[in-house]
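Q: Could you walk me through this structure, starting with the terms you'll be using?

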Amino acid sequence: MTGGHEVLRVLADRVSRGSRPRQRQDGHRVALAIEGGGMRGTISAGMALALHESGVAHAFDAVYGASAGAITGAWLLSGTPEQLAGWAEPGYAKAMIRPSNLLRGRPMVDVRNLVEHLYCEVARMDFDAVLANPVEYHPLATDVHTGRSTDLRPYLTGPVELRLALRASAALPFLAGPPVELAGRFYYDAGLAESIPYRTALAQGASHVLVLRSRPAAPGTAARRGARPSYGARLIAATVLRGYPEALHRSYLTRAHRLLHDDAVLTRYDQPAPPVSRLPVGGRAPADPAVLSVRPGPGTPRIGRLTRDGEPLKAALEAGRAAVDRLLRPLGRLTAG
C-alpha cells in the first residue's frame, strides 16, 4: 500500500483538481467499499472518518456498504459525517446490542432500535442528505430467496426505505431477528453473500475501488481453519434458516470460504501497478480495475461482533483512523506535486 498504487494516484489527482461528483472529466468511476462485521465496523468507521477529515470523501463516485459498513457509508454521506465517532460511544453499542432482549423474546442485536430510535431521535441522521448526496449510496443485503448479494439502491425512494435498507443490510440470522422486508422482498445481512462489498462495485463498472477492512490479515493456518463452517453456523442453518431456500443455506455456509477467497484476491490487487498514462480511445477507464485495501494495523485491539466496552471501541476507532492517515500521507505529497 504505497503511494505508487493507481487508486491513490487517481484520488490524489481528483483532490488536487477539486473534482466533484457528477462533474468528473477523467473517465474513471471510483468507489469506496466498506466492510462491516458488527462492532468490528468501528474500525472501518474510523477509516471513513479519516477520509472525511482529510477532505478525500468527495473524490469518490459511489459508496458501497455491507452490514455495519452500510451504516458507516450512510453517515459518511450524511450532513454530519463527524458523527462516525459515535461508533466508539458505549451508548451506541448498548442501543444495538441488548442481551436482556433475549429474556423478552426479542433479538439481541436490535438494529431496529438503533435505526428507528437512536438515529431518528437521539443521534439524528439526516436521511434526506444521504439520498441527495451526489456520491451514490449502495447498501447491500442478501436476498433470502436467491442467497445472492443485492444492491438496495434502486429501492431508496425516501427516508423510510433508507432506514429499512440499513436494517436489512445488518439483519443477522438469529442475532438480529427475522429478515427485513423491502419492496416486497426479504433480506438478511449482506455478510451472508458479500462481506466485503467490492465485488458489486466492480460488477457495476468501478474502475478504482478503495476497500476499508474491519479485519486484520489472518495467518495462513487460521485462515484455512476459518474457511470451514463453524458449529454455530451449521446450527443456525439447520434451525433458524431451516424453512428458507437451499440457495440461502449455501451462501450462509460458504461465507467463510468466500471471505478467504476475497482475502487472496484483494492481496493480489494491493500490489502497485504502473500508472495509466492515458485513457483508451473513447475516454473509457482502463479495462483492468485497480483495487486497494486498508486494513487495521498492528496493535489494533481485538473487537468482536458484540463488543460493548467503550475503551477497546475507542482504540479501534482510532486504529482505523490512523490506518487511513498513514495511507494518505503519500497522497498528500502527490497532491502537492
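A: Accessible areas here come from the Shrake-Rupley method with a 1.4 Å probe, and for residues only the protein chains shown count as cover. On that basis the protein chain exposes about 14800 Å², of which carbon and sulfur atoms supply 53%. This is a predicted model, in which local features need pLDDT of at least 70 and side-chain atom pairs count only at pLDDT 80 or more, while totals for chains, interfaces and linings use all residues. Residues are numbered from 1 along each chain as its sequence is written, and side-chain values use heavy atoms, with hydrogens and water left out.

Q: How many helices and strands does the protein chain have?

A: The protein chain has 13 helices and 8 strands, where helices (H or I, at least four residues) and strands (E, at least two) are DSSP runs numbered from the N terminus.

Q: And what share of the 337 residues is buried?

A: Buried residues make up 53% of the 337, with buried meaning under 20% relative accessible area, exposed over 50%, and partly exposed in between (1.4 Å probe, protein chains only).

Q: Which residues have the most contacts inside the largest nonpolar core?

A: Those are Tyr119, Leu210 and Leu212, in a core of 83 residues. A nonpolar core is a set of buried Ala, Val, Leu, Ile, Met, Phe, Trp, Tyr and Cys residues joined through side-chain atoms within 4.5 Å. Apart from it lies another core, of 17 residues, including Ala201 and Val211.

Q: OK, what does Leu212 touch?

A: Not counting residues up to four places away in sequence, Leu212 touches several residues, among them Ser44, Met47, Ala48 and Leu51, a contact being heavy atoms within 4.5 Å.

Q: Why is α2 largely enclosed?

A: Helix α2 is largely enclosed by the rest of the structure because 11 of its 13 residues are buried. After α2 comes Gly55, whose phi is positive, near 80°.

Q: Changing topic, where does Tyr137 lie, and is it buried or exposed?

A: Tyr137 lies in strand β3, residues 136-143, and it is buried, with a relative accessible area of 2%. Leaving aside neighbours within four places in sequence, its contacts include Val63, Ala70, Leu77 and Arg153. Tyr137 and Leu77 are 60 residues apart in sequence, yet 7.8 Å apart in space, C-alpha to C-alpha. The backbone oxygen of Ala70 lies 2.6 Å from a polar atom of the side chain of Tyr137.

Q: What about the strands, how do β3 and β6 pair?

A: Strands β3 and β6 pair in the antiparallel sense over 2 bridges, and DSSP must find at least two bridges between strands for them to count as a pair. Thr142 stands opposite Tyr188 in β6. Strand β5 (residues 180-182) also pairs with β6 in the antiparallel sense, over 3 bridges, with Glu181 opposite Phe186.

Q: How many residues lie between β5 and β6 in the hairpin?

A: There are 2 residues between them, and Ala183 in the turn has a positive phi of about 55°.

Q: Last one: which elements do the buried residues of α11 pack against?

A: They pack against β3, β6 (185-188), α10 (231-238) and α12 (255-269). In helix α11 (residues 246-253), the buried residues are Ala247, Leu248, His249, Ser251 and Tyr252.

Notes: A polar contact is a pair of N or O atoms within 3.5 Å; within protein, one must be able to donate a hydrogen and the other to accept it, and residues adjacent in sequence count only if both atoms are side-chain atoms.
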